[in-house]
Amino acid sequence: MIAAPNRFAWWLGGAVAVVALVAIWSFSVGRFPVGPGDVWRALWAAITGGDSGLAANTEAVVTRIRAPRVVAALAVGAALAAAGAAYQNLFKNPLVSPDILGVAAGCALGAGIAILFSLPIGVIHAFAFAGGLLAVALVVLIGNWVGGRDPILTLILTGVVVGSLFGAGIALVKYVADPYNQLPAIVFWLLGSFTGVLPKDLAFGLPLVAIGVLVLWLLRWRIDVLALSEDEAQSLGVDVKRLRIVVILMATLVTAAAVSLAGTIGWVGLIIPHAARLVVGASFPRVLTLSIVLGAGFMLAVDTLCRTAFATEVPPGVATAFIGTPVFIALLALTFRRSA
Amino acid sequence: MSLEARDLAFGYRSHPVGSGVDLALAPGRVLCLLGPNGSGKTTLMKTLLGLLRPQGGEIRLDGRALGEWSPRERASRLAYVPQAAETFFDFSLVEMVEMGRTSHRGLFARPSRRDAEIARRALDTLGISALADRPIHRVSGGERQLALIARALATEATLLVLDEPTANLDFGNQMRVLAEIKRLRQAGMSILLCSHDPGHALEVADEVLLIQKGKTFARGAPAEVITDANLSRLYGIEVRYHGPHARPVPPAPPQS
């Protein structure tokens, strides 16, 4: 099975088309159904500043309630998938997820502490973001200080250790939290949700995601070479140490932004790059590009299902795991049968 | 490209591996490093590639200290051919070879048409262009090794450093790789070869450096250096030859 460039173009075009359809579907369905035509008119009016000719409540549902949520889901999916793809190349391991260096645990602890002190929602986001950066910074600093012949292995081990330290921190925060108000808030936050995403949340998270994903995408031909051994990459003229730091920084930035926007959502960063690799081969530029599109579409589809399939909303962090596990097992079976 | 090392000490700061090594490699010549496991061959090779900092002495690439070359300049002159190990990521052969063009591209640049052409030509030179789009897991170990040599050619380097290019290959594939090394030498490349097999050194090398515990054990023309006495002492096992180009045959199993 060879992924020729034009086959890649077909996959990418197809994926973009599917994401567009998912977006239209997501705008239409819900407790207040809006026809696709009205969705289009409302969005067009919002972009051009014209008059949509629709009822005010229809317009509000599309542009003020659903649009931020759709954009957030797309951004979070793209961010997690891009970070996962980059990490899988960096760590030369297809089973690595964006959490490998403890970013999600850091975000969760940050948010937990902010909730414990009953800080306002914007500050909770900021704490979550800062906690994620802090966890990864600790991992990188400790990893550098420890050193060793295999810096990648050192980083992964340090990530596991620091991640479980932050995990213990979260447990402690939960233990001391007020069980009637704060504990449920922490639990809900950890489960993740796109409910009530506001434009001002997006104003913080979206630029971070955009910058991080863009930098990873621009560097995609260099990151490709990181899949080789460090000696090979270095001898091909890649400054491996510096590139590694840039990749970790960008992946952490987008993951922390995503988690502070929607809570800890697993699986997307693990499965989507894997799925992309199955259809377009190992080449990182192709895997990354397709992952960004597939990740965005998958997250939006899951979130739309979460808010419409059942009488009550299902947290997307839970849904991704329920959908992700069977999908991942199927992918594993496909990969291993193919290589057997 | 010529490579020269004088009184080279190599290894890690906390763990010196070897010292006092002199060597010189001129265009169109093959230098073979030969030594038992753990003799420091690989560490020496990495130091000569500029992947490890020398712990003493000096290395010159075309008369200029190796450390003065920028990594990208160095990468287009001095190429490394690793052992054909399995990677998880299943690149196609041509994608693998195109990575050889990395040092010729800007940080954000995608491969140009010229890069693709050079990669194709490198595959052609090694006679594997028919496999260009084949995933690297779907070719034989020998073909994978040839692809890595092709990647080194795609860097347009004229000095190749090969790390045990015949390890883990069957006899036919070993001969194929050795034949390519001879052809590259004839084309004027400088080749540094790490090997386990004295027979291969006799086959392709112009000069042999025997290494034991990080020191030069013997240095010179293959026929002079690869002798029964030297090999017996180097490997700690009695060895005897059948003819100049035959492989050394141990006369009896080691006494344990």
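Predicted model: local features only at pLDDT ≥ 70, side-chain atom pairs only at ≥ 80, totals over all residues.

Visitor: What makes the radius of gyration of chain B agree with a compact globule?

Guide: A compact globule of 256 residues would come out near 18 Å, and chain B has 19 Å, so the two agree. Along its principal axes, the C-alpha trace spans about 55 × 40 × 35 Å.

Visitor: How many of its residues count as buried, and by what cut-off?

Guide: The label needs 20 or more other C-beta atoms within 10 Å of a residue's own. In chain B, 47% of the 256 residues count as buried.

Visitor: Why are S2 and S5 of chain B said to stand at the edges?

Guide: The open sheet runs S2-S1-S4-S5 in chain B, with antiparallel pairing. S2 (15-25) and S5 (64-65) each have a single partner strand, so one side of each lacks a neighbour in the sheet.

Visitor: What makes S1 and S4 of chain B a pair?

Guide: Pairing takes at least two bridges, and 5 bridges join S1 (residues 3-12) to S4 (residues 56-61) in chain B, so they qualify. Ala5(B), for instance, has Ile59(B) in S4(B) as its bridge partner. Helix H1 (residues 41-48) of chain B packs on this sheet, touching S1, S2 and S4.

Visitor: Which part of chain B gives the most to the side that touches chain A?

Guide: 28 residues of chain B are in contact with 25 residues of chain A. H2(B) gives the most to that side of chain B, with 3 residues. By class, that side has 14 nonpolar, 7 polar and 7 charged residues.

Terms used
Residues numbered from 1 in each chain as written. Chains lettered and ligands numbered in written order. Rg over C-alpha atoms; globule rule 2.2 N^0.38 Å. Buried ≥ 20, exposed ≤ 12 C-beta atoms within 10 Å, placed from the backbone. Contact = placed C-beta atoms within 7 Å. Helix = DSSP H or I, 4+ residues; strand = E, 2+ residues; numbered from the N terminus. Nonpolar A, V, L, I, M, F, W, Y, C, P; charged D, E, K, R; others polar. Axes fitted to C-alpha atoms, helices over the stretch in contact; angles between N-to-C directions.
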